[in-house]
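Please open the model in a viewer and keep the sequence panel in view.

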Amino acid sequence: MKRSVRTGLVAAVVVSMAGMMLAGCSPAAPSGGSASSGAASIKTAMVTDVGGLGDKSFNDLSYAGLQRAQKDLKVNIKVLQSHQITDYVTNLSELSGAGYSPVFAVGFLMSDAVTQESTAFPKTDFGGIDIDFTNPPKNVVGLNFKEQEAGYLAGVVAGLATQATFDPRLNKDNTLGFVGGMAIPPVQRYEAGFVAGAKSVDPGVKIISLYAGRFDDQAKGKELGLSLISSGADIVFAAAGQTGTGTEKACADSGKALFIGVDSDQFLTIPNSGNVMLTSAVKRVDNAVYLVVKDAAAGKFPGGQNLTFGLKDDGVGIAPFHDFDSKVPQSIKDAVAKAETDIKSGAVVVPTTLK
Amino acid sequence: MSETREVVVRESGWLKVLRLVGVPFISVLLAMAVGSVIIAVTGGDPVAAFAALLQGAFGGPVQIGETILRTTPLIFTGLAVAFGFRANLFNIGAEGQLAMGALAAAWFGLLLAGLPTGLAIPLVMLGGALFGAAWAFVPALLKARVGAHEVITTMMFSWIALYLVSWIVTGPLSDKSGIPETPMLSSSVWLVTFDKFIAGIPPVRAHLGFIIALAAAAVVWWVLSRTTLGYSVRAVGFNPQAAENGGISIAWTTIWALCISGALAGLAGASEVLGVQHRLFDQVSTSSGFGFTGIAVALLAKNNPTGVVFAALLFGALAAGSGNMQLEANISPQIINIIQGLIIFFVAADSIVTWFIKRRQRLALESKVVADAE
């Protein structure tokens, strides 16, 4: 049975290669992809972590990057979802065996699995989202982000807003809240940036940080949010995946705090959140994935290194104010624009850890 | 008349076999049938889906290895839950005992890495079993002394274990990488994979833990059917009052049964750490749910140790084939969860199936009796 599938695959590869050659020969390739940019038709895929698709965070964002690549670069895409950590190796090798390359592994827990499979499948390229590889081989690239820069911008907004009066929920306690999923480096970078950003506009601001210990516990997120609000926090930033959705609920239900989302523009991903969603610190995993696919399609897979995407590379950023756009004073918007310029120019270097 | 009674006796023996093997089998078929309908309704091709599933689970040495890999922990947890059930105890906290066993393996594995492999591995596995048993001991004691229901206490202890592990992998045993994980164990304490001792097969991930699991199933069978303890367990499970009147201590039997159950779950955790991950990750966020799937395995197996092996194999194959089902047939892995849920549903509803079988037999028997009378 396996053999027949293999034969089928070989046949498919031969046919598609023949197709590519024909497309390359014909002077006017009508729909065979953007031959002008040198993009060949490749098959690329991703393996989700146990969070799976629908996490509204890095799994969904990686998929969005692949979908954009499918549309713009005419590549074939595939997603395999993992249910248990045992599935990581299986899914990576299934895709490698089926000829997909590059294969993206989403999440730091897949570090061991990618390292193992990159040796087993030396001809397959691998991209690891949020994985900082030690000495990655030529067929492996680590894709990391400067979450601290996005956190810094969110901190600037929150630090100025908690002193402002544009919304009745903003109190005089000068206190901000942070909810973290797990205490892992990407989340800690968000926290460090958030604290640095808030202190840059008001050194006297008080910031309380709480960690939930997991990314998928909305009840816990709500509980932590409520306890922050009862301690006087009027703006809460949650870098906690689905747990943060619970924190958003705490802000909405209490009617005493505004919320700052994370990773994606959560105004768009959490329904009816416009009333509390001040902004979001975004991490453009989709951009990073898209760029790697684009390079790979052009035969220039950026392997053998860890790439870090920051504000300058459009790898992180801050989302629009949406429903708050008319309320937020111009002074805050100017401060954010200035912080963006300073980070991009290098005048401000945001710390990655709390001091 | 005497002839009729003979027929009844013979039929009931046949009925027992049918109940043990036939009902689970029919339940699985029914679950697959309903699963097929769901796949078809959601726009998939059921035939292609199950073909891909089979291919992914049994299509070659690598695939069979993946199935065995996923079967291994389920044999342990299935045995754990089944052993409890035989004493009428519902150990719903196998998940936590598994986490403690895994913790023991990650810890002792680091400490004993210098010992010869043949000595280190049995010691580490034993440590896993002891930690699992210890974690079941308090709920067992509470049940035996004050009657606190084990469903509540083992469940609560499960959460304590998961968060305890969570703290340990980010604190005392952290590998300081920032990722919640313990350091990688030295390969001297890894359970070897099958390709190391079966010549001519490609590298597979199935490991020695499977053999240990089969041995555990044999031991559980032996304990249950051939020892005084096993007799006590079954007697207490069957009728506690009668057992006590017969001189069996309910309290001691409860403690033994739950601790053995916990030890088996602990072995599952140790086997996963030594055989698959070679380190321990945070369990709150990455728990594989083997403890809970073990309940389904025990139910499907009707708490029979041999049955547990086959039921675990079924669930292992479903999990192993799900990747290929996504790849080849574009079927979402949630379908596999639905099928697992359906199997449990139909097994739990087996009284319906048995009722139908009995009814048909009674009807057949009645017509036979009538025919004999005439």
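In which loop of chain A is A:Asp130 found? Select this residue in the predicted model: A:Asp130 sits in the loop that runs between strand 4 (126-129) and strand 5 (140-145) of chain A. Its phi is near 65°, a positive value in a residue other than glycine. Most residues other than glycine have a negative phi. Now display the surroundings of A:Asp130.

Next, move to chain B and select B:Asn330. This residue lies in the loop between helix 13 (305-329) and helix 14 (334-348) of chain B. Phi of B:Asn330 is near 55°, again a positive value in a residue other than glycine. Is B:Asn330 buried or partly exposed? It counts as partly exposed, because it has 15 C-beta neighbours inside 10 Å.

Return to chain A and select A:Ser101 together with A:Pro102. The peptide bond that joins them is cis, with omega about 0°. Most peptide bonds are trans. A:Pro102 is placed in the loop between helix 3 (87-97) and strand 3 (103-106) of chain A.

Now display both chains and select the residues at which they meet. Here 26 residues of chain A are in contact with 27 residues of chain B. On the chain A side, the elements that give two or more residues are helix 1 (2-25), strand 2 (76-80) and helix 3. Helix 3 of chain A provides the largest share, five residues. By residue type, this side of chain A divides into 14 nonpolar, seven polar and five charged residues.

Then colour chain A by pLDDT. The mean for chain A is 88, and 89% of its residues reach 70 or more. Select residues 1-39 of chain A: pLDDT stays under 50 over this stretch, for which the model has 26 contacts beyond four places in sequence. Where pLDDT is low, the predicted coordinates should not be read in detail.

Chain A contains eleven helices and twelve strands. Of its 355 residues, 55% count as buried. Among the contacts in chain A between residues at least 6 apart in sequence, 69% join residues at least 24 apart.

How values were computed: Residues numbered from 1 in each chain as written. Chains lettered and ligands numbered in written order. Predicted model: local features only at pLDDT ≥ 70, side-chain atom pairs only at ≥ 80, totals over all residues. Helix = DSSP H or I, 4+ residues; strand = E, 2+ residues; numbered from the N terminus. Buried ≥ 20, exposed ≤ 12 C-beta atoms within 10 Å, placed from the backbone. Contact = placed C-beta atoms within 7 Å. Nonpolar A, V, L, I, M, F, W, Y, C, P; charged D, E, K, R; others polar. pLDDT = per-residue confidence, 0-100.
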